[in-house]
Amino acid sequence: TSTGSGMEIGTGGIGLLQGCASNEVIKRNDSTNVWACGSSNYSKLTSITSTNVVNDTANTADQAMTDVDVTTQTTSDATEALLQVNFDYSTQVASAVWHLHVAPNGTAMSADTIVCGLGDDDLTTGLYGCGNVIVVKLDSGQIFDYGLDELNAAATTVARINVIGYWSPVTTGADLAEYYYA
């Protein structure tokens, strides 16, 4: 199925080219100047009601990267998750420095995986907090990792991670039209 214009005339009028398989979308090939069926490499964002998946309180020491399963918050084909991340001290001491890490499953904790950092607040204005919205790649089981890194001085921290959306592949022309034209 292909055409130079990407359009066809049928009994119901003019419309987009029909006849692509259920896992294909209509795409333009600029080198041949033809619209034809092909696989999709597009994703669509689905926003959801904020759902807590990590509520880690009373942390006083390092915590290795730990699996977080978001299967019930996403779909089986989700490729990335949109997360709201909050990290705070519940008890702070002078010179305290902590990092919250989020990464794809199996990724080692490193400077590249830091999503929030807490520093020395000099205890002058109360609690110092960090809040971010981030995107993390999911593995095929809808799992990502998080961990905590105490760099200096004892303190007690609270880490909260909420899923607020996810990306999944656009697999049909109808999905693509819904996503771009709804």
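The model is a predicted one. The protein has 182 residues, and its secondary structure comes to one helix and 13 strands. Four of the strands, β7, β12, β9 and β10, form an open sheet with antiparallel pairing.

**The protein as a whole**

- Of the 182 residues, 34% count as buried, while the protein exposes about 9700 Å², of which carbon and sulfur atoms supply 50%.
- When contacts between residues at least 6 apart in sequence are considered, 75% of them join residues that are at least 24 apart.

**The open sheet**

- The order of the strands across the sheet is β7-β12-β9-β10, and the pairing is antiparallel.
- Strand β7, which covers residues 63-69, and strand β10, which covers residues 114-118, stand at the edges with a single partner strand each, so one side of each is left without a neighbour in the sheet.
- On average, and with direction ignored, neighbouring strands of this sheet are turned by 20 degrees against each other.
- In general, the strands of a sheet pair through backbone hydrogen bonds, in either a parallel or an antiparallel manner.

**Strand β9 and its partners**

- Strand β9, made up of residues 97-104, is joined to β10 by four bridges, and the two run antiparallel.
- Within this pairing, L100 has C116 of β10 as its bridge partner, and H101 has I114 of β10 as its bridge partner.
- Eight bridges join β9 to strand β12, which spans residues 143-152, and these two strands also run antiparallel.
- One of the bridge partners in β12 is N152, which is paired with V97.
- Strand β9 is mostly covered, with six of its eight residues buried.

- Q63 counts as buried because its relative accessibility is 18%, and buried means under 20%.
- Leaving aside residues up to four places away in sequence, Q63 touches D56, M109, Y146, G147 and L148.
- With D56, the contact includes a polar one between the two side chains, at 3.2 Å.

Technical notes: Residues are numbered from 1 along each chain as its sequence is written. This is a predicted model: local features need pLDDT of at least 70, side-chain atom pairs count only at pLDDT 80 or more; totals for chains, interfaces and linings use all residues. Side-chain values use heavy atoms; hydrogens and water are left out. Two strands pair if DSSP finds at least two bridges between them. Axes are lines fitted to C-alpha atoms, for helices over the stretch in contact, and angles run from 0 to 180 degrees between N-to-C directions. Buried means under 20% relative accessible area, exposed over 50%, partly exposed in between (1.4 Å probe, protein chains only). Contact means heavy atoms within 4.5 Å. Accessible areas come from the Shrake-Rupley method with a 1.4 Å probe; for residues, only the protein chains shown count as cover. A polar contact is a pair of N or O atoms within 3.5 Å; within protein, one must be able to donate a hydrogen and the other to accept it, and residues adjacent in sequence count only if both atoms are side-chain atoms.
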